[in-house]
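Here is a short report on one protein model. Keep the sequence and the 3D view open as you read.

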Amino acid sequence: MHNNVDSLFEKLWNNYLEVTPSAVKVHELLGSTQQDDVINDHIALRTFNHEKIGLEKLAAHFKAVGYTECGEYHFEAKKLYAKHYEHSDPTKPKVFISELLVEKCSEELQAIVNALVEQIDENVVTADNFLYSGTHWQVSHETYTQLLAESEYAAWMAAWGYRANHFTVSINHLSNFETIESVNQALKDAGFELNASGGEIKGSPEVLLEQSSTLADHHTVGFSDGEFSIPSCFYEFALRYNKPDGEIYTGFVAASADKIFESTNAR
Ligand code: NI
């Protein structure tokens, strides 16, 4: 496991850029000349709730560099469970890890996922690079399509495996933008498509968090039965508000996150 939080995020970022080239354009659009460093609010990772590679196995890599568990979230319809983690240094990105509750899915899906997980060598799960190591299994595009019919999340995991599903621009730290509406407009003017599920803006000042996201880039995946271009990863935008005590809200809003998941939907 990594012992340095910054080097871990640098690896995650470079791995994310490999399949999300539009992220560079987002930085060019939202960054300023004085401050070319766009601040990352959080990243998100996905997994299956299998004992071998469940949420806690991913969390261990973040705990090793100073993160602690801060909240949990349930997504009944999508059959997901998630936790978020924060670092003792509040300038470090928050981490949102979700897992698919496989036993709640069909027997067919369970059989497919179990077969994928069986192909993972247990040692890779604690290796330094696990969080950005991609897939550890062979899967066909036919199986991917079958998963897609039941769970977009399962299909995405089968195709992409372990990597940051998204990075998130902290609107609070942008010098050229004050509102999420203005960020969204700049993105649309530059030709980006936004995730409109549940409206372009998820959340509100009342719940202390507003979020929006691009639709995922498309990137080629080498499936066992050929190469296919499918949705990869996306960029999220978050504007946080102060709690009544004057401290900034650092949690997540389940109803909003539920819609953010749909940024990787096939289209
Ligand atoms: Ni997010």
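## A serine in a loop

Where is Ser-232 found? Ser-232 is in the loop between β9 (226-231) and β10. The model is a predicted one.

Is Ser-232 buried or exposed? With a relative accessible area of 0%, Ser-232 is buried, because buried means under 20%. Leaving out residues up to four places away in sequence, Ser-232 touches Val-19, Trp-156, Trp-160, Ala-216, Asp-217, His-218, His-219 and Thr-264.

His-166 has 6% relative accessibility, so it counts as buried. Glu-236 has 1% relative accessibility, so it counts as buried too.

Find Gln-211 in strand β7. Gln-211 counts as buried, at 2% relative accessibility.

Now look from Gln-211 to Asn-14. These residues are 197 residues apart along the chain, and their C-alpha atoms are separated by 23 Å.

## Aromatic pairs

A pair of aromatic rings is described by the distance of the centres and the angle of the planes. How many aromatic pairs are there? The count comes to 19. Take Tyr-16 and Phe-167: their ring centres are 4.7 Å apart and their planes are at 40°, so the pair is tilted. Tyr-16 lies in helix α1 (residues 5-19) and Phe-167 lies in strand β5, so the pair ties together parts that are 151 residues apart in sequence. Tyr-16 is buried, at 0% relative accessible area. Phe-167 is buried as well, at 4%.

Phe-75 and Phe-261 form an edge-to-face pair, 5.1 Å centre to centre, with 90° between the planes. Phe-75 lies in strand β2 (residues 67-75) and Phe-261 in the segment after α8 (254-260), so this pair ties together parts that are 186 residues apart in sequence. Both Phe-75 and Phe-261 are buried. They belong to one aromatic cluster, formed by Tyr-73, Phe-75, Phe-96, Tyr-153, Phe-252 and Phe-261.

## Charges over rings

Two packed helices are described by the angle between their axes and the distance between the axes. Helix α5 (residues 141-150) and helix α6 (residues 152-160) pack at about 155°, with their axes 6 Å apart. These two helices are therefore roughly antiparallel, because angles over 145 degrees count that way. On the α5 side, Tyr-144, Leu-147, Leu-148 and Glu-150 make the contact. They meet Glu-152, Ala-154, Ala-155, Trp-156, Ala-158 and Ala-159 of α6.

Compare α1 and helix α2 (residues 22-30), which pack at about 110° with their axes 7 Å apart. That angle makes α1 roughly perpendicular to α2. Trp-13, Tyr-16 and Leu-17 of α1 make the contact with Ala-23, Val-24 and His-27 of α2. Tyr-16 is also the partner of Phe-167 in the tilted ring pair.

## Two positive phi values

Lys-79 has a phi near 60°, a positive value in a residue other than glycine. Lys-79 lies in the loop between β2 and β3 (80-87). At 29% relative accessibility, it counts as partly exposed.

Leu-208 is not a glycine either, yet its phi is positive, at about 75°. Leu-208 is in the loop between β6 (202-204) and β7 (209-213). With a relative accessible area of 16%, Leu-208 is buried.

Terms used. Residues numbered from 1 in each chain as written. Predicted model: local features only at pLDDT ≥ 70, side-chain atom pairs only at ≥ 80, totals over all residues. Heavy atoms only, no water. Buried < 20%, exposed > 50% of the residue type's maximum accessible area, 1.4 Å probe, protein only. Phe/Tyr/Trp six-rings, centres within 6.5 Å; stacked < 30°, edge-to-face > 60°. Helix = DSSP H or I, 4+ residues; strand = E, 2+ residues; numbered from the N terminus. Axes fitted to C-alpha atoms, helices over the stretch in contact; angles between N-to-C directions. Parallel < 35°, antiparallel > 145°, perpendicular 65-115°, else oblique. Contact = heavy atoms within 4.5 Å.
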